[in-house]
Amino acid sequence: MEKLTTVILAAGFGKRMKSKFPKVLHKIGGKPMVQHVIRLAQTVGSDEIICVIGHEKEKVRQALASEPVMFAVQEQQLGTGHAVSVTEHLITGGTILVLFGDAPLLTPETLTSFLRFFEDGAYDAAILSAVMDEPTGYGRIVRSESGAFMRIVEHKDADEATRAITEINSGIGLFKTQPLKAALGALTNDNKQSEYYLTDAFEHIKNVGGKVGAFIAAHAEEIMGVNDRVALAEADAIFQQRLKKKWMLEGVTMRLPETIYIEADVEIGPDTILHPGTVLKGKTVIGAECEIGPGADIEDCQIADGVKVTHSTLIRSEVDSDSKIGPYAYLRPDSRIGKSVKIGDFVEVKNTYVGDGSKISHLTYAGDGEIGKNVNLGCGVVFVNYDGTNKYKTIVEDDAFVGCNSNLIAPVTVGRGAYVAAGSTITEDVPEEALGIARQRQVNKTGWTGKYAKKK
Ligand code: UD1
Ligand code: CA
């Protein structure tokens, strides 16, 4: 195939979103819509990708800074045809694919079929169309009696009869370079919106003797353009259904999948079970044979095989194999949990390593710590890591046992195999194999109750 240059239109205002953020940065499956479109352009083998930016261009440029795209700036949003024309200096020949930044659901399969249609038919220009039961808002494809492509009429410019047409323009088009450039030069803005429509380029190419065709996509939902929040939610739901289907076919069990939310870059191993109310975000990787949920909220985490997580929130952390998290645990960023560890109810862990086989079963805060293997932190242990200015480290070495309701005032170390008596406030290191006890001795005042009653 000749060189393929993809132009992605992402300069529009997106008025109907009623948002201060540019429309194409609104997310589907946790990823900006325009990024889905860039992925698609890559998947079908684009040699170059040009992104047309305009409205809030710096925000879009920043969001796409690490993407392999060139930018062309459309200072004024004068229409989709005008948007393509600002890329002309970057187009050096070959085939031009125009994609819309607000159409995130198109699949590589459909786009590849469209590319093949264009090549096999030796077209000068081709449109990807679809048949929609509810075509309101879309440009309509007008065909001759013999079925040949005639023109596209925008909804706003269409009369009753044209509005009755159900074949619509997706906005996605393919062009040979020369016919496109000639057509862009000939566009006018003589229409209801006073815009330079890309759609008029097809009619122009046909009128000067070019070959123009329209390829009807099999699944109209792929073509959906997101113009408002209702469409955003619909597109997100379709994306979720597809993604969950993919993971189910890879061997993941989902209970009540409609209650589960998974973002685009998440990975999940086989024989893992996702329970209702599970949310998996960012670059989260879940291993095989895990049980996640109900009610798990996991973002940017690496979870190894055989882990259980219930009713818990995990952020930017790692959990090694066969560990159990929750119910009601909170792993904050940079927590690293070893193998076969138990992090139980109302335990908060932050920036702390927990060695293999250790147990933190209830009501504990472990922040900025390093916990060895087979350590037991009793109920209500607090790593007192912050003096109001600085943070300090708490070390609890292998096989140590910290009794309930103890404060470990950092910086402090509890040595290997040492014990801390319940209710202690530990301010100095506890040596290996020692018992650290730091509380007042108990005094019992005998017969006190009777005396107290008499006084009353
Ligand atoms: C467009 C098509 C319509 C099609 C529909 C499919 C035209 C004239 N109309 O209408 O036939 O059925 O998409 O969803 O092409 N953009 C720019 N610069 C501009 C204007 C728009 O970059 O000056 C970008 C937008 O950011 C958006 C895309 O082009 O990503 C489409 O623009 P939009 O205004 O949403 O077009 P529609 O009215 O939906
Ligand atoms: Ca649109």
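A polar contact is a pair of N or O atoms within 3.5 Å. In this predicted model, a backbone N or O atom of A11 meets that limit, lying 2.9 Å from an oxygen atom of ligand 1. The chain itself is divided into two domains, domain 1 covering 4-223 and domain 2 covering 247-436. The points below take the ligand and then the contact between the domains.

**Ligand 1**

- Ligand 1 is surrounded by 23 residues, and the closest are G12, Q74, T80, E154 and N169.
- T80 also makes a polar contact through its side chain, where an N or O atom is 2.7 Å from an oxygen atom of ligand 1.
- G139 uses its backbone instead: an N or O atom there lies 2.9 Å from an oxygen atom of the ligand.
- On its own, ligand 1 has 760 Å² of accessible area, and the protein covers 91% of this.

**Arrangement of the domains**

- The C-alpha centres of domain 1 and domain 2 are 48 Å apart.
- Four residues from domain 1 and four residues from domain 2 take part in the contact.

**Area buried between the domains**

- Interface size is often expressed as the accessible area lost when the parts come together.
- By that quantity, domain 1 and domain 2 bury about 280 Å² between them, with 50% of it on carbon and sulfur atoms.
- On the domain 1 side, G29, G30 and K31 lose the most area to domain 2, and together they account for 94% of what that side buries.

**Polar and charged contacts between the domains**

- The count of salt bridges between domain 1 and domain 2 is one.
- K31 forms a salt bridge with D265, and the closest N and O atoms of this pair are 3.1 Å apart.
- Two residue pairs are in polar contact across the interface of domain 1 and domain 2, both at pLDDT 80 or more.
- The side of domain 1 that touches domain 2 has no nonpolar residues, three polar residues and one charged residue.

Conventions: Residues numbered from 1 in each chain as written. Chains lettered and ligands numbered in written order. Predicted model: local features only at pLDDT ≥ 70, side-chain atom pairs only at ≥ 80, totals over all residues. Heavy atoms only, no water. Domains from an automatic or database assignment. Contact = heavy atoms within 4.5 Å. Buried area = accessible area lost by both parts, 1.4 Å probe. Salt bridge = Lys/Arg side-chain N within 4 Å of Asp/Glu carboxyl O. Polar contact = N/O pair within 3.5 Å; in protein donor to acceptor, adjacent residues only side chain to side chain. Nonpolar A, V, L, I, M, F, W, Y, C, P; charged D, E, K, R; others polar. Near = heavy atom within 4 Å. Areas by Shrake-Rupley, 256 points an atom, 1.4 Å probe, with all protein chains shown as cover.
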